[in-house]
Amino acid sequence: MVKMVNPPRRHHNGKLDLEFELRRGITRMPHVFQQPPLKASRELYEGKDPTATVYIMESSGGMVAGDRNDITIKLAPDTRVRLVQQSAMKIYPSHTGETCFYKLDVDIAERARLEWMPEVIIPFVDAKFQVDTTLRVAADSTVLWGEIIAPGREKRGEIFDYESFRSNFKIFVEGDLIAFDSLHFSPRQLELGGVGVLEGAMYIGSVWLVSPNIDDVDIRAVQETLRVEEGLQASMTRLEGNAIHCRWLGRDQWALQEDMKRIYALLAKMV
Amino acid sequence: MKRQKDDLNNHSNTVATPTDSALLQLFQIHDSAFPIGSYTQSYGMETYIQEDKIRTKDDLIEFCTSFLFNNLVRSDAILIQEAYAAALKQDVDKLLELEQLCGAMKLAKESRDASVNLGRQFIRTVSPLGTDEFLAEWKERIDANSIKGHYAVLYGIYSATTGVSMHHAVMMYLYASLSGLVQNAVRAVPFGQNTGVQAINELIHPVKEAADLVSTLTIENISNNALGIELASMRHEYLFSRLFIS
């Protein structure tokens, strides 16, 4: 009898290159390159708002050992873009021991504006994941960026059961590195719940804002509105230059996400 | 690179055991009487103290150990190591990169400001003590405001000029950082002096272990997993009354 052997699974290498330009006062996306499983919707508009809203989709349902997604986003001067992830980003168990890579490179030209409020990143049990995000921003452009990291499939009892999670997040303004947020979590080697680390929190939320109008944001006043309760802590700080960072550590996803979206919307309105 | 003092000229940067003079210089810059203002910084610890999370010696040791392994080891200590190596090669581009990285990774404004304030006070204090040209050039950049002057990078450069080994420079930095925190906790909690002495003594082994770990790490390992401490540093700005600047 011939033994059937499953051929090794080919890794996905999703690619998405989106370029936005201003055409007759409206932001359009004339250049799109997409390679499955990544896809982008066409531009959508709300009423007379010239801001282009584009949904980013991942048709495979999640990333598996060794998969790779590369996204580049370019905003030409004066464009206004809102990017929305259609669903949570799931990172499946790494049965081969290989790491999934997700790379996001964003260039925002003069006076352009980008808003990105992604869904939650969920690393499943035994998942290995690395995300490298680089924002290159002109001094007079605006970017509002959010990120939420889950401990795993919490409702199934998968809490920090992943193998490794690395996130390297950088913001350059006019070529100067003003923020570098680097998380390297290996729960089997590091007691994440300990004092000074996550302290019982399971979800990590971050919002980053770079804007020439940053002085219009009264950080202390916004800080005072942050929801602080048992299992949820948050704070804001001024970064180098025209930038603000806000971080949440929470036990409950919905409480964290609700407050984060509220602050995100508040900041979006202020700048 | 020209050494700080003529009598240090026969010292090697690469030997594991520093010469007596180099070692004494290292002790001097970490002496509590050395005026760079480290006693004014708590790096978020004061937030924990005000929230009544540091009440006992064990709480203090737990906080310091977390700060050591989840913050210092993977940020300042790696930067010191990289700056030391770059200073030996007089690699200005690398040092400028480290300088920017040091500021960018300190997200909490008060921690970032503390790093610059300590750095600038440090270079002002050590400059008259020696004649190293490379260090003097670095000071000119700070004076001209072309760079901020972050402490960890300056400390790495200075250590390279003294002849002390990289390992001892890193280890002493880690020890002095924790010793400063403990002394500040003794004043702020407050604890008795003996409790402080015992806490520092219990931290000696973790500091040695941390210094050994740093020697295995590179710039690729830079990270900040101490999100709780970072959040406490951010919230420190908004505390009603404060003993410390950060």
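Modeller: pLDDT is the predictor's confidence in each residue, from 0 to 100. This is a predicted model, and chain B has a mean pLDDT of 91, with 93% of its residues at 70 or more.

Colleague: Over which residues of chain B is the pLDDT below 50?

Modeller: That applies to residues 1-15 of chain B. The stretch has 33 contacts in the model beyond near neighbours in sequence. Where pLDDT is low, the predicted coordinates should not be read in detail. The scores for the model are ipTM 0.92 and pTM 0.93.

Colleague: How do you know that residues of chain B are in contact with chain A?

Modeller: Two residues are in contact if their C-beta atoms lie within 7 Å. In this model, 26 residues of chain B are in contact with 30 residues of chain A. Helix H3 (57-72), helix H5 (92-105) and helix H11 (227-236) of chain B each give two or more residues to that side of chain B. H11(B) gives the most, with six residues. By class, the side of chain B that touches chain A has 14 nonpolar, eight polar and four charged residues.

Colleague: Why are the buried residues of helix H1 of chain B said to line one face?

Modeller: The buried residues of H1(B), a helix of residues 20-30, are B:Ala22, B:Gln25, B:Leu26 and B:Ile29. Seen down the helix axis, they fall within an arc of 100°, so they line one face of H1(B). On the other side of H1(B), B:Asp20 and B:Leu24 are exposed. H6, H8 and H9 of chain B are among what covers the buried residues of H1(B).

Colleague: Which residues touch the most other members of the largest nonpolar core?

Modeller: They are B:Leu68, B:Ile80, B:Ala83, B:Ile157, B:Val170 and B:Leu174, in a core of 150 residues. Helix H9 (residues 166-188) of chain B supplies the largest share of this core, twelve residues. Leaving out residues up to four places away in sequence, B:Leu68 touches B:Val73, B:Leu174, B:Leu178, B:Pro206, B:Val207 and B:Ala210.

Colleague: Why is A:Tyr264 called buried?

Modeller: A residue is buried if 20 or more other C-beta atoms lie within 10 Å of its own. A:Tyr264 has 20 such neighbours, so A:Tyr264 counts as buried. A:Tyr264 is in helix H2 (residues 253-270) of chain A. Apart from residues up to four places away in sequence, A:Tyr264 touches A:Met117, A:Leu144, A:Gly146 and A:Val207. Its C-alpha atom is separated by 9.5 Å from that of A:Glu115, 149 residues apart along the chain.

Colleague: Why does A:Ile214 count as partly exposed?

Modeller: Partly exposed residues fall between the buried cut-off of 20 or more and the exposed cut-off of 12 or fewer. A:Ile214 has 19 C-beta neighbours inside 10 Å, so A:Ile214 counts as partly exposed. A:Ile214 lies in the loop between strand S15 (203-210) and helix H1 (219-225) of chain A.

Colleague: What is said of the phi of A:Arg111?

Modeller: Most residues other than glycine have a negative phi, and most peptide bonds are trans. A:Arg111 is not a glycine, yet has a positive phi of about 60°. A:Arg111 is in the loop between strand S8 (100-108) and strand S9 (113-117) of chain A. With 17 other C-beta atoms within 10 Å, A:Arg111 is partly exposed. A:Glu199 also has a positive phi, of about 50°, but A:Glu199 is buried, with 20 other C-beta atoms within 10 Å.

Colleague: Which residues does a cis peptide bond join in chain A?

Modeller: A cis peptide bond joins A:Pro36 and A:Pro37, with omega about 10°. In chain B, the bond from B:Val189 to B:Pro190 is cis, with omega near -5°. B:Pro190 lies in the loop between H9 and helix H10 (193-214) of chain B.

Methods
Residues are numbered from 1 along each chain as its sequence is written. Chains are lettered from A and ligands numbered from 1 in the order in which they are written. This is a predicted model: local features need pLDDT of at least 70, side-chain atom pairs count only at pLDDT 80 or more; totals for chains, interfaces and linings use all residues. Helices (H or I, at least four residues) and strands (E, at least two) are DSSP runs, numbered from the N terminus. Ala, Val, Leu, Ile, Met, Phe, Trp, Tyr, Cys and Pro count as nonpolar, Asp, Glu, Lys and Arg as charged, and the others, Gly among them, as polar. A nonpolar core is a set of buried Ala, Val, Leu, Ile, Met, Phe, Trp, Tyr and Cys residues joined through C-beta atoms within 7 Å. The arc is that of the directions from the helix axis to the C-beta atoms.
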